[in-house]
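Subject: Structure handover

Hello,

Please find the structure below, followed by notes on what was found in it. Keep it open while you read.

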Amino acid sequence: MNWSLRLKFENLVQLRCACRQLHALSYRRVCRAQWKPVQLSARPVRSVRLYPQLWQWDKLISAAFPHYRHLATKEEKKKTRKKLPVTKGEVEIKQKMTVEELARAMSKDVDHIFEALLYTDVDFDSLEPNSILYEDHIKLVVKKSGMKYKSAKLKEEKEKENTDAVKRPPADPAVLTPRPAVVTILGHVDHGKTTLLDSLRKTQVAAMEAGGITQHIGAFLVHLPSGERITFLDTPGHAAFSAMRARGTNVTDIVILVVAAEDGVMEQTVESIQHAKNAGVPLILAINKCDKPEADPERVKKELLAHDVVCEQFGGDVQAVNISALKGENLMVLAEATVALAEVLELKADPTGLVEGTVIECRKDKGKGPVTTAIIQRGTLRKGCVLVAGKTWAKVRFMFDENGRAVDAASPGMPVEIMGWKEVPSAGDEILEVESEQRAHEVVAWRNYVEQQEKMKKDLEIIEAKQKEHRTEYEKKQQKLGHLTWRQRKAVLYKANKHLMFSKPKERVEIDKNVLSVIVKGDVDGSVEAILNILDSYDADHECKLDIIHFGMGDISENDVSLAETFNGVVYGFGVKANETLKKLAAKKGIKIKIHNIIYQLIEDVKEELNSRLLPSVVENTIGEASVLDTFSVTVGKSKVPVAGCRVHKGLLDKKMKFKLIRKGDVIWKGSLSSLKHHKADIQIVKSGMDCGLSLDKDIEFSVGDEIVCYEEKEVEQTTSWDPGF
């Protein structure tokens, strides 16, 4: 039943009940006035009342209508209701209000709100007093009622005290002690950075890298024969790992720029120079592969002049050393140049007090849990220290050096692997030691609160923009339908949206097919970051939408497969594993799991998957062409059919194929032939040089000079226009 009708019915029942009560009360008063109790004895007896049946009827009314029996009680309830203040026709509104709340705020009845909502796009059939209205509809109702609105003031929250952890003030120079230099090796991919480090450390890291390409940051402490210690950071040279290179320069003291003597300055070489300049770090030039016949170190030095890298022989301050990392030539000269520059810089640190450092890389280890590689910059890290990084914290359980050996303490300048993190922090996060676990909880809670506040602020801006956009669209629709009644408008909107409500499941599948949902799992945070940075450059949403629904570190899990099944997605793994049980489960559900160890192969795989989801394009291949030489008509039954007399001058005409009629360069018809004849005989194929008569499957008048083209349609697979940049 319509709510307004129901309200009217209830009001009538209430009025009827009140009338009966008043009627009964009047009879009682008359009874009391005319009838006096008779004293039959010395003992008093109750007075007998006139019309006892009326009193019984009143009881029946009160039982039938318990809600309307006590009018005074109802009035008391009305008084106890909290009324929102209305001054000078202003209404305090909230972002969400029920119909009843809005009615009380406006001092109107519910029917008034319903009447005002008739002129909006609210679904009136499902509207109830407790239905929630949103801000745009609330404002519209208030305006229609000739009133003004103002937003209700939110309760002012007490400003939280900043409990974040911060760095200590600069240390007293008297307590500073020398520390190892942190040296980052930068350069283009395959210019020999890892091989150089292997030669210095006498290891074989390069041989273990997938594809011979470094894809993680490596931090190593190298002990030179002279007794000096240098911490080396080996960064990837591949284009995808720009963020890792930038992170390496932010914690370094010296940059060794490796350039291959036969290749010269390349794209990542220029980028590495820019990173060093941005960080304000001095450069040492290592010209590698000088043992090759085609090597030309002088050309490299001259090319670098264009990028403001001036070697000492040209009057600059950049040391240049010609080396062969593979054969170990001049490596000690490079090491001595590094030590000399470190001495000039007078690198010192405070080994006392609370620890400060930087996360270089992080990963999830199956046995160890979250593990980070960090550079200690101040203080001495020991077991049991409580650390905070980003929005997570750790109580240090174990520490390991680059060779996997456990260490008890890590002093400034040392790279170390840290176990004990509650969650995996992000690479590049600042590490700060705090006094206790309780203090760590306070810091993490504050940082989460700050992030939440920033997110709420951004979300509010997006919501307001969307509301404004929807409001504009709605007003435009209302202007178009302004001359119609609300019932007519509702009918028009229903017809316009009917095709969306009753779309077939097959059509929905076709729409979803043009979306590639991706789940990315990587071995370390830097790898995932690099992959996401490349996928963020995707700019071909008009062809196929790329949707990253989840990413993280660690091996592929059953949850990843379930998520991929929900979104009809693909799971991509980089340097991770998936057990056989999981692979069988994914195969059973029809989910693809693709694991790679080289980043550009993973991106190529994503491109192939995108290509497979693109709709094929239809290409017309011309089979034959004919010119219309004469026109006439043939009587078939009671109608006349236009016929064209043609001569094939190119290829052939095949009746099974499709045809189009071209007149003065414009295609005026496409379809099939209804007849094709040669010398009054039906024929399937007419070859070049032959005359024929043909009619179309549609009555179209021919003109002399028209062109008849016979063609076939072929579907051609499309490829994405997205270029990841390598």
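**Salt bridges**

Glu442 is partly exposed, with a relative accessible area of 33% (buried means under 20%, exposed over 50%, and partly exposed in between, using a 1.4 Å probe and protein chains only). This is a predicted model, in which local features need pLDDT of at least 70 and side-chain atom pairs count only at pLDDT 80 or more, while totals for chains, interfaces and linings use all residues. Residues are numbered from 1 along each chain as its sequence is written, and side-chain values use heavy atoms, leaving out hydrogens and water.

The side chain of Glu442 meets that of Arg439 in a salt bridge, at 3.6 Å from N to O (a salt bridge is a side-chain nitrogen of Lys or Arg within 4 Å of a carboxyl oxygen of Asp or Glu). Because they are three residues apart in helix α13 (residues 437-480), the two are separated by about one helical turn. Helices (H or I, at least four residues) and strands (E, at least two) are DSSP runs, numbered from the N terminus.

The structure holds 33 salt bridges. Another one of them joins Asp308 and Lys277, with the closest N and O atoms 3.7 Å apart. Asp308 lies in the loop between α11 and β11 and Lys277 in helix α10, so this pair ties together parts that are 31 residues apart in sequence. Asp308 is exposed at 61%, and Lys277 is partly exposed at 41%. Lys592, Lys594, Asp605, Glu609 and Arg613 are linked in a network of salt bridges.

**Strand β10**

Is strand β10 (residues 283-288) mostly covered or open? It is mostly covered, as six of its six residues are buried. In a regular strand, side chains alternate between the two faces of the sheet. Here Leu283, Leu285 and Ile287 are buried on one side, and Ile284, Ala286 and Asn288 on the other.

β10 pairs in the parallel sense with strand β9 (residues 254-260) over six bridges (pairing requires at least two DSSP bridges between the strands). Ile287 is the bridge partner of Val259. β10 also runs parallel to strand β11 (residues 319-322), joined by four bridges, and Ala286 stands opposite Val321 there.

**Gly522**

Gly522 is found in strand β21 (residues 515-522) and is buried, with a relative accessible area of 0%. Leaving aside neighbours within four places in sequence, the contacts of Gly522 (heavy atoms within 4.5 Å) include Val528, Met553 and Phe574. The C-alpha atoms of Gly522 and Met553 are separated by 4.9 Å, although the residues are 31 apart along the chain.

Regards
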